[in-house]
Amino acid sequence: MENMIKRAAHDLVNSRYAVALTGAGMSTESGIPDFRGPSGVWTKNPDAERKAYRSYEFFLENPKGWWEERLTTTTIFGDLASAQPNAGHIAIGNLEKAGILKTVMTQNIDGLHEKGGTRNLLEYHGCALKLRCTSCLSRWAREAIDLEGLRKENRLPPICSNCGGIIKTDTVAFGEPIPEDVAEKSLEEAHKCDLMLICGTSAVVYPFANLPRIARHKNSGLLYRSDTSRQPQKSPDTVIIEINAEPTPLTAEGISNYLIQGKTGEILPMIVEEVKRLQ
Ligand code: NAD
């Protein structure tokens, strides 16, 4: 393990443009369950999974009904607003402060990277603490709009003051397209990076799980990008490091160069310490 920590710190310090990809495993040590681990939300409550898959269709058919249901039932994660970042989130924030990590792309919707000090953050599946206009993609903190007041006055769904579009939670529902701004920028980052640090994801949810594959194959002539008019970049091969409790398809397919197996809340702070020693 010690050698793996040293190897990762060495790779990070020698990178030109390092990015991180993170998933639900980052936040289990903050008390938020993942989906597919042994204590995962889906594992323990398959009904919640079935319901989640129908949610976006319901929103499109009946946004008022969707909002009413949303405001009167508890969410699968409970009170995310009071969740606190763990040592892993703080370490990721410190790697950005040290000038090493340029961008963090997360699947998590819990807002903990922001609370943990990350500034250049792409929330690929949105954030449960924010709202988003489905037309112009304006975003607000959840408390910026009096949702309960709108419900009492029978004025749901909330309407965007900028463009008149319908507002939903920023969280991307199953079946909902990834908001274009975040999808485009993430694709750019996967092409641009020379190191990708992947933390706490089973890497089976697409299109997010394409990002490591894009980073791995970008010099091979395989095209994943939406803009096919540009030539594939000729940058050096990307180093892809996984930190996860268990091997993933990225490990099995050789997409990652190596896996450091264990808890992100323990391994990431050790890497930061080693980076400090090297810098
Ligand atoms: P996942 O549940 O599919 O996989 C999580 C992975 O992290 C598993 O491989 C698990 O073994 C590993 N893991 C768990 N705890 C760990 C720890 N402490 N250290 C290292 N590894 C650990 O999660 P996913 O790949 O992110 O995909 C799930 C989807 O569900 C995402 O789209 C995400 O938006 C959503 N989700 C988000 C949250 C959150 O915001 N915290 C929580 C659950 C699910």
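This is a predicted model: local features need pLDDT of at least 70, side-chain atom pairs count only at pLDDT 80 or more; totals for chains, interfaces and linings use all residues.

Trainee: How is the chain divided into domains, and how far apart are the C-alpha centres of the two domains?
Mentor: Domain 1 comprises 1–32 + 84–125 + 178–279, and domain 2 comprises 33–76 + 129–170. Their C-alpha centres lie 28 Å apart. The contact takes 18 residues from domain 1 and 9 residues from domain 2.

Trainee: What makes up the area buried between domain 1 and domain 2?
Mentor: About 900 Å² is buried between the two domains, with 54% of it on carbon and sulfur atoms. On the domain 1 side, Ile-32, Pro-179 and Asp-181 supply 34% of the area buried against domain 2, more than any other three residues.

Trainee: Why is the pair Asp-181 and Arg-139 called a salt bridge?
Mentor: The closest N and O atoms of Asp-181 and Arg-139 are 2.7 Å apart. The criterion is a side-chain nitrogen of Lys or Arg within 4 Å of a carboxyl oxygen of Asp or Glu, so a pair at 2.7 Å qualifies. Between domain 1 and domain 2 the count is 3 salt bridges. Across that interface there are also 3 residue pairs in polar contact.

Trainee: Which helices supply at least two residues each to the side of domain 1 that touches domain 2?
Mentor: They are α6 (112–115) and α8 (180–192). The largest share, 3 residues, comes from α8. The residues on that side divide into 7 nonpolar, 5 polar and 6 charged.

Trainee: Why are Asp-181 and Arg-139 both called partly exposed?
Mentor: Asp-181 has a relative accessible area of 35%, and Arg-139 has 32%. Partly exposed covers the range between the 20% limit for buried and the 50% limit for exposed, so both residues carry that label.

Trainee: How do the labels of Arg-277 and Glu-274 follow from their accessibility?
Mentor: Arg-277 is at 58%, and exposed means over 50%, so Arg-277 is exposed. Glu-274 is at 11%, and buried means under 20%, so Glu-274 is buried. Their side chains meet in a salt bridge (2.8 Å, N to O). Both residues lie in helix α11 (residues 264–278), 3 residues apart, about one turn of the helix.

Trainee: What makes the phi values of Leu-137 and Ala-203 worth noting?
Mentor: Most residues other than glycine have a negative phi. Phi of Leu-137 is near 65°, and that of Ala-203 is about 55°; both values are positive, and neither residue is a glycine. Leu-137 is found in the loop between β4 (130–133) and β5 (139–141), while Ala-203 is in the loop between β7 and α9. At 22% relative accessible area Leu-137 is partly exposed, whereas Ala-203, at 5%, falls under the 20% limit and is therefore buried.

Methods:
Residues are numbered from 1 along each chain as its sequence is written. Side-chain values use heavy atoms; hydrogens and water are left out. Domain bounds come from an automatic or database domain assignment. Contact means heavy atoms within 4.5 Å. Buried area is the accessible area (1.4 Å probe) that two parts lose on being put together, summed over both. A polar contact is a pair of N or O atoms within 3.5 Å; within protein, one must be able to donate a hydrogen and the other to accept it, and residues adjacent in sequence count only if both atoms are side-chain atoms. Helices (H or I, at least four residues) and strands (E, at least two) are DSSP runs, numbered from the N terminus. Ala, Val, Leu, Ile, Met, Phe, Trp, Tyr, Cys and Pro count as nonpolar, Asp, Glu, Lys and Arg as charged, and the others, Gly among them, as polar. Buried means under 20% relative accessible area, exposed over 50%, partly exposed in between (1.4 Å probe, protein chains only).
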